[in-house]
Amino acid sequence: MKSKKIYLIVCMFFYVGIKAQGCSDAGVCSINNTYATDSIAKNAIEISTVFGAGESDVTYISPYVSYTRNFNKRWSGSAKITSSFASGSFGDRGSIGDAFLTAHYKTRSNKVYKWSYTAGLKIPFNSSNLKINDHPLPLDYQSSLGTFDFIGSVNLTYKKLDFISALQLPVININANSYIAEYSGTTDFPTTNLFERRPDVLFRTTYTIETRNSKFSFKPNVLFIYHLGEDTYEDIYGTRQAIKGSEGLTINGNLISAYSFKGGSLELSLATPFVVRDARPDGLTRKYTIGIGYKTTF
């Protein structure tokens, strides 16, 4: 019976992934995926690649690497570096993206309720103005949003359930994107000249299913992401304009499957949106994503 349930969940995610649009993950969606661990190992290194399909037939390959250090039973710290390579009608463009530096703290908890907290920074490696042959590109082709962000979360584990509430707050904006739709020859992407992005809040709930030998685990989860306000850009007259419909709710579904072995694990992640905002100028729209990763502990 359990295997049939897992099979149905996987089929559902692939079916919805073909039809849906949107993701809205500026980094907050994956918070606590790497850091919340009960492993007794002091170090963990994760190497992963995410494949995705975006708007106007843009496809993505987004590798990242992360390192986590467990200082003691309560404190750990992580560093993660992302990159993104986009391919579409404008051409091919890729670059290193952002660095995430985070600290994670687990409180003294009983066996039923476990609380933990994460706080950190997202640091961009570019100003979101990558070009092809000196032609400006929309944010869909950029590897970073060009903002220094604060990211914080509160996590509660109750038996096999995990609940996470999180905030991603842009603090310093160095976005110098110069894409103007009127000069591009297409209406596929909105103007994002000198783009300014609003914060996101997130609520995520995860249920863990383990096989009898605990080697395989399955974690279906649902993410509710609310974009707090309308993003803005500067038009051809130098006037800042709000992007109508860019505020609002996105609901993503995600299934994480993992195979654990001595000293590490292999992970497969499938994600797709169920509900999207009317406008998504930040270039984070995905019809679906498929992530494959390897983690080693020592």
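Guide: Gladly! A charge sits over a ring if NZ of Lys or CZ of Arg is within 6 Å of the ring centre and within 35 degrees of the ring normal. Please keep in mind that this is a predicted model. With that definition in hand, look at Arg286: its charged end sits over the ring of Tyr60, 3.6 Å from the ring centre. A lysine gives another case, as Lys80 lies over the face of Tyr64, with 4.3 Å to the centre of that ring.

From charges over rings, let us go on to rings paired with rings. Searching the whole structure turns up 10 aromatic pairs. One of them joins Phe261 and Tyr294, whose centres are 6.4 Å apart and whose planes make an angle of 15 degrees, so the pair counts as stacked, the cut-off being under 30 degrees. Distant parts of the chain are linked by this pair: Phe261 belongs to strand S15 (residues 248-261) and Tyr294 to strand S17 (residues 288-297), 33 residues apart. Phe261 counts as partly exposed because its relative accessibility is 30%, and Tyr294 is partly exposed too, at 37%. Elsewhere, Phe90, Tyr141, Tyr179 and Phe189 come together as one aromatic cluster.

Next come the charged partners. The structure has 7 salt bridges. Among them is the one between the side chains of Lys122 and Asp98, at 3.5 Å from N to O. Lys122 is in strand S5 (residues 113-124) and Asp98 in strand S4 (residues 91-106), so this bridge ties together parts that lie 24 residues apart in sequence. Where do these two side chains stand, buried or exposed? Lys122 counts as buried because its relative accessibility is 1%, and Asp98, at 8%, counts as buried as well.

Glu196 sits in the loop between strand S9 (161-173) and strand S10 (200-207), while Arg240 lies in strand S14 (residues 240-242), so the pair ties together parts that are 44 residues apart in sequence. Glu196 is partly exposed, with 30% relative accessibility, and Arg240 is partly exposed with a relative accessible area of 32%.

Now turn to Arg277 and Asp282, whose side chains meet in a salt bridge at 3.0 Å, N to O. Both Arg277 and Asp282 are buried. They also take part in a network of salt bridges that links Arg197, Asp200, Arg277 and Asp282.

Let us finish with the backbone. Ser128 has a phi near 65 degrees, which is a positive value in a residue other than glycine. Ser128 is located in the loop between S5 and strand S6 (131-132), and its relative accessible area of 0% makes it buried. Lys159 is another non-glycine residue with a positive phi, here near 55 degrees. The loop between strand S8 (147-158) and S9 holds Lys159, and this lysine is exposed, with a relative accessible area of 60%.

Technical notes
Residues are numbered from 1 along each chain as its sequence is written. This is a predicted model: local features need pLDDT of at least 70, side-chain atom pairs count only at pLDDT 80 or more; totals for chains, interfaces and linings use all residues. Side-chain values use heavy atoms; hydrogens and water are left out. Rings of Phe, Tyr and Trp (its six-membered ring) pair if their centres lie within 6.5 Å; planes under 30 degrees apart count as stacked, over 60 as edge-to-face and the rest as tilted. Helices (H or I, at least four residues) and strands (E, at least two) are DSSP runs, numbered from the N terminus. Buried means under 20% relative accessible area, exposed over 50%, partly exposed in between (1.4 Å probe, protein chains only). A salt bridge is a side-chain nitrogen of Lys or Arg within 4 Å of a carboxyl oxygen of Asp or Glu.
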